Structure formats: structure tokens, C-alpha cells
Amino acid sequence: MTSGGKQEAEDASRPVPPARETLILTGNHAASFAVKAARVQVISAYPITPQSPVVEKLSEFVEDGELKARMIRVESEQSAMASLISASTTGTRVFTATSSHGLSYMHEQLAWAAGTRLPVVMCIVTRAIGAPWSVWPDHQDAVSERDTGWIQIFCEDNQEIYDTVLEAYKIAEDERVYLPVAVCYDGYILSHTLMPVELMSQAEVDKFLPPFKSHLMLAMSMDDPVGVNPVTVPEPREGFPAYMELRHRMQKALEGAAAVMEEVEAEFAKVSGRHHGGAVRSYRLDDAEVALVGMGSCSSQAKVAIDDLRAAGIKAGVLTVRLFRPFPKRQIREVLKGKKVVAVFDRDVAYGLEGALCAETKASLYGIPDPPYVHGFIVGIGGRDFTTENAIEGTRLAVERSRNREIHDETTWLNLMEGE
Amino acid sequence: MAIAIAFYGRGGQGAVTAANLLVKAAYKTGKFPYIMAFPVFGPERRGAPVGAFARISNQEIFDRDKIHNPDIIVIMDPSIFKTANPTGTLKKGGIMIVNSSEDASTLREKYGIPSGTKIGIVDIVKICFEIKLLIDDNTPIFNTPVLGALASVLPQIPLDTMYSAIKEHFPNPRVAELNAEGARRAHDALVTS
Amino acid sequence: MVNSRDPKSTIAAVQHPTVGEAGKTGTWRTFRPVIDENKCILVTSPKARCHTCWMFCPEGNISKTRPPRVNYDYCKGCGICAQSCPHDAIAMRKEEDEP
């Protein structure tokens, strides 16, 4: 994937890769193939729409002997994550996938995985959260887990899903990070859509992703057992960090994770020839005055609007936020400084405030001289179509309101039914 | 060059498989390095109206919305016209491919297809019974013949490439051959007006 | 390199169990268990098997010996051993009454 928004790898003289294969895969199966290539050892999951095909494919791989992994059958997502926490603690590479209510049900365990600094990798096939019932895509499930300490990366196409799962293990297992990573992609829009995906050879993946070493090293010695996660008292004892210090260290690791991700991407690009831009990805932004900002399906769809916007005299480009946690404040500030208008399209709502991405984009720009005018839009909730026309409408409205730097405390929703 | 194709039929008639095989064939030609195929999102039921969609392009596809104005509409079951007639969504200059035993003027009159809109008609049911492309000796298979009909309106995807996508899909060579024959017959039988 | 024994580099709460990891908890005691060797069946009958007190002690502070011995450095005086003894051989005595 070398044209359009994808940035070409710096190293153009890479050797011809051995035994690469391109398959036409759904987003879910792209994730499964990446998990197989990563030689994951323990998989535990509970079925939920639209995630289920990820683990169904993996169970086929295990059944056929293509992947030597233990599948743990559990009765809930809470148990899925709990069992992976134990497995990861002993130094095995683990995987799960879930969506929506399954993710919400995992919430408590998500915090434990992060707090224990375990490199668990999970696919979040994003879907709306009830009530009322909806099996359709938006980003509410993933965004609602943003404060658990997980790294969250959003994908725009199936190749990016495959590549990001491999990168996720490398980032999670980096000793400067040691944090769980969620690879998020739109339910149905990617999960059930076929696209070409170039698979790397097993030799290439093995070289990129050597076996991982647990920082807890429990698997190393049965003669020296340790207890993990005892009660930590409010004050440090005998020079050892207490709860507050450990949480401080987790936050520091998150703050440094964006830089590690960019390193990992550069290394991945050398092997694969594909570079997805690191924490953020720009599309026709260099000469742009107006930036459309989004994640996953939103930023992808926004790119379709750029030709029309430019033809109408609005010099626009798109900023894709790949890394949602840790939020890439510096990268966003660098790309957006000097722009006149920023239109943020959120497929989620931080209920009672505004779109989460919009709020955080604004926060990232706080304090810079002459900041761009930022306006947020709520789109595509519960699988509602987010169209090119919606992107154009939002951008025009943002440009119009920027003229008087209007402040709107209320949110603006696009593509609602008439009269709403 | 980007082409969007919408397939409408009933659950079990293979609209989803048709869309999937079409993009695989398109990719094989080398002219369409960017492809996507997707069903109508959500639960599916045998017999209920279903849709499947394909985009094929020589440039990266950023669209993540539904297909609102397809270049080609494939009607796998004419009863779809009565539940949700998609005629109005066809792009100007596009073509509708209809599986029907009726002629163009009858279809135009019954379902309000404007005279300016190109129609391609093929009687897939007849072909299936002729060559015994049937499930349980009584249920015609629509998806592979539809690919043959598409090959005749999409010169960028030759019939041979459709064959190879079909053959990859069916591991049993006898079944693959029969499906390829269905595609060939539908290709030859398509009448456009 | 992350090392759970190094306070500077450790990143998770890891406990290395040792005797007295949480200090000498025996100082909490109000009553102490005292074993009467004249009543303890392990002493009175050399072939008998019992060690009920050893099994019930929640702190693992009673030795599996004849007679059993209580480690008063860590015994909190909960009295479970005295309650569980089938031969009434353990008495709970007030700390200040003991030498």
C-alpha cells in the first residue's frame, strides 16, 4: 500500500522479501493471520458480534496445527481477560478480541492488565454500546476504555490491521513500555469487508518479533516464587514504590510509548516496506488551511471529501489519529499548528461533554500562539452512515463558524433524521 | 477508475459470494489493485432481501460508507423490485443486470425502469436447470452465473479471470467446472438494451 | 532492565515472600496459646496421629513436631488452635499472666 495517504518506507532498497503472499481477507481474518504469524501461545475469548470471526479463524488454525497455541474456552469476557493476565504473567504471548458489551464486561480486568504491565494484545472490533441494542459500528466501546492504561491504535484498512497487530506485540513487549495494546477497527466496515492483505513470510515476522521476556519472569524459576499484586499501602515501604509510584511509572511509560511506536514502525517499514505514519498520519495536509481530523472509518471517509472541498476553494487535508492512547499531543500540535480551521469527526461521544477526539484535540492545541479554530462533529453513531457529503457539510460549517470564532458549547450532530 | 457494484437478492442466493468472487477476479486482473466487498451489515436470514457491495479501483479506496450510486446493479431475484426497488440509486449511465425470464420492455413497465437506463437481462434459472447447476436438484445457484453476466458488461475482467476466481472458490473440480459453465452460459446469454 | 527486586526499576507490585515480611505480628497478641503436654495426644500416645492445631493454624505458626511448638514471634493469638484441639490440650492465657 504505497499510494495515497500511506507514506512510503524510507528504505527503498529493501531486499525482495521471501514468500510473501497476498490474500483477499476480511478485517477480522487479517487480524487472525497476524496473530498466527506472531506465534501467539494462549488465546482466550468469548464470542460477540462483530468480533467472533477473529477467534473462529484462530481456532481453525489451532485445530489444523498451523498455530501451536492453547485456546481457553471461558464463560465471559471478564474471564477471558483474567485468564490472559495469568498466562501473560508467566511470560507467554497472548491474544483476545472483543466488541462492545464484551469489552465493557472486561473493564475491571483491563485495568489489572495495564497495572500489572502485561503485554496483552487485544483486537477491539468497535461497536455501539447499549441501550438500546445495536450491533452496528461506532467507536463508543473502545473510547469508553481510554482511561484504563491501555495503548489504543485505530486502523483504517485491513492491511493496517494486519500490520498493526504485529507492531502491537513489538510495542507492548518493549521494556520501556510493557503495557497492553488494543488494536481497534470499525465493526463491519472493516471487520466484514474483504480487502487485499499482503502477508509477511514467517521468517520475516520471526525476525521482527522474537519470543518475549516477561518482566515478572515467573516462568524462570519455581524455586523463587513471588506474589503479584499484593495490597500496596499508600506510603512507600523500605524504599519500594507504593501504589502512587507504580501508577506514576505506568503513566510515564504511556507518555513514552508514542516514541516507541514510531521506532517500531520504522523497523517494521524496513522489513515490510509499509509505513503507516506512526502516531498520526497526514493526507494532503502540507499546503492545507483546513484539517479534517478523525480515527478509523471517519478519517478514511474524510479523504474522499478533499477533492470536492478543494474544488470549492477550501484548501483541506486529513489528519488520521492512529494512536488514541497515549494521546499524541505533540504530534498533533506539530501537524495542526498554522492551520486555520480544524474539523473533528467523532464516531463517539464523551457523554455530557462532546466527541472525545475533539475534546482532546483542543486540549493538545492549548497554549500555542494563534491556535486553529476547532469544531467537532458527532457522526456515524450506531452504524449510521458517515458520508462524503457529511464530511463536506461539517467542514463548511466549521469554516463558516470560524469567521467569527463562534464558541459552541453544544455539540453538532450530522446526518440526523429530519426535524431532530 | 473506480467502479461500484451492488448486488440484491434473497438470503441464500449468494449475493455476498458473488460480490466476494467479483472483487477477487478484479484483483487478479492486476488492473484493480484496490478492491473491497462487503455485505449489508447486520443479521442475515435465508429468504430475506439481502444486499452485497463491491468497489474496485486502480486507486486507493478511502470510502467507508455504503454504496449510494452504484455503476452496476445486479438483481439476482426480480421479486426484490417489489420490496425495495433500487433502480433510483443507479448512477447515470450505469447498467442494471436482471435475472429474469421477461423482456426489457416488460421489466421497464412493471418496475419503472426509465427508458434511458441500460438493462441487461439473463434468465439464470433457465440456465441452471439446463446444466443442472442446482442444489438438491431443485434450487438454482445464482452467484456464479451472475459473474459471467458481469464479465460481459465489464470488459476489464475477462471471463477467464472469473473462471479462475470460481475455481479457487470450489475445491471440487467437478463442481468448479459446473459453476464455470454456468458463468459462461450467462455471459453468452446476456441481452442488453 | 526491569527487576522486581530493584525499587528503582520495578514496574509492578511484586512480593517476595519471606518469614516476617510484614514485621513481627506476635506483638498484636492479647491471649497466647499454651500447649499442655500432659493432655496433647501426640505426647501421651507416641503412636497417635493428630496435628489438628498444625493444620488449622491460619498463619502456619505451629510446627509439625511432637509436641507441636508455637512460634510466638508471629502468632497473633487468634485461638483457632485451642478451639480445634480435640483433646483440649491448648489453653489461651492472658499475655501478662505468662512469664
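Chain A falls into domain 1 (14–216 + 247–275) and domain 2 (280–402), with bounds that come from an automatic or database domain assignment. The model is predicted, so local features need pLDDT of at least 70 and side-chain atom pairs count only at pLDDT 80 or more, while totals for chains, interfaces and linings use all residues. Residues are numbered from 1 along each chain as its sequence is written, and chains are lettered from A and ligands numbered from 1 in the order in which they are written.

Between the C-alpha centres of domain 1 of chain A and domain 2 of chain A the distance is 26 Å. Their contact draws 25 residues from domain 1 of chain A and 21 residues from domain 2 of chain A; two residues are in contact if their C-beta atoms, placed from the backbone, lie within 7 Å. On the domain 1 side, α5 (140–143), β7 (151–154), β8 (181–186) and α8 (243–272) of chain A supply at least two residues each. Helices (H or I, at least four residues) and strands (E, at least two) are DSSP runs, numbered from the N terminus. The most comes from α8(A), with five residues.

Helix α1 (residues 27–37) of chain A packs against helix α2 (residues 52–63) of chain A at an angle of about 40°, the axes being 8 Å apart. Axes are lines fitted to C-alpha atoms, for helices over the stretch in contact, and angles run from 0 to 180 degrees between N-to-C directions. From α1(A), the contact residues include Val35(A) and Lys36(A), and from α2(A) they include Leu58(A) and Phe61(A).
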